[in-house]
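Dear colleague,

I am passing on the structure below, together with some notes on what turned up in it. Please read the notes with the coordinates open beside you.

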Amino acid sequence: MGCEYCQDLCVKYVIRQPEHLRKAIRIAKHALSEGVLTEIKATNDWNQYSFDECAEKMIWGDIVDYHFECNYCGIQFVLGAETYHGSGGYWAPENEKPLKIID
């Protein structure tokens, strides 16, 4: 469900276009800079660029797979997309039901 710090992030935001991905990256970057989230390094690192590079330069590889954790309640979030074929992706809490779906 999320805590008072991350509940606004507890949505499933569907990514269908590059602008949607840019928006999700900006939201995650803001949450990181505010100290709400911390990036978690994934065991299978599919990313061609670090999240910092991705967020600063708005560049990404064929696969986007970044994971984050709320510093207050521990809920984990995923920002994932398959950009090579353009099949899109999403931002969502990883093991929780999102409060709403933004399509």
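Predicted model: local features only at pLDDT ≥ 70, side-chain atom pairs only at ≥ 80, totals over all residues.

Residues are numbered from 1 along each chain as its sequence is written, and side-chain values use heavy atoms, with hydrogens and water left out.

Leu21, Ala24, Ile25, Ala28 and Ala31 are buried in α1, where buried means under 20% relative accessible area, exposed over 50% and partly exposed in between, with a 1.4 Å probe and protein chains only. Seen down the axis, these buried residues fall within an arc of 125°, so they line one face of the helix, the arc being that of the directions from the helix axis to the C-beta atoms. Their cover includes β1, β2, α2, β3, β4 and β5, and just after α1, Gly35 takes a positive phi of about 80°.

The whole structure holds four salt bridges, each defined as a side-chain nitrogen of Lys or Arg within 4 Å of a carboxyl oxygen of Asp or Glu. Glu19, Arg22 and Arg26 are linked in a network of them, with the closest N and O atoms of Arg26 and Glu19 3.1 Å apart. Glu56 and Lys29 also meet, at 2.9 Å from N to O; Glu56 lies in helix α2 and Lys29 in helix α1, so this pair ties together parts that are 27 residues apart in sequence. Glu39 pairs with Lys41 at 3.7 Å.

Which charged residue is buried yet has no salt bridge? That residue is Glu82, for which the nearest side chain of opposite charge, Arg16, is 12 Å away (Lys and Arg count as positive, Asp and Glu as negative, and His and the chain ends are not counted). Glu82 is found in strand β4, residues 76–82, and a polar atom of its side chain lies 3.3 Å from the backbone nitrogen of Tyr84.

How values were computed: Helix = DSSP H or I, 4+ residues; strand = E, 2+ residues; numbered from the N terminus. Polar contact = N/O pair within 3.5 Å; in protein donor to acceptor, adjacent residues only side chain to side chain. Contact = heavy atoms within 4.5 Å.
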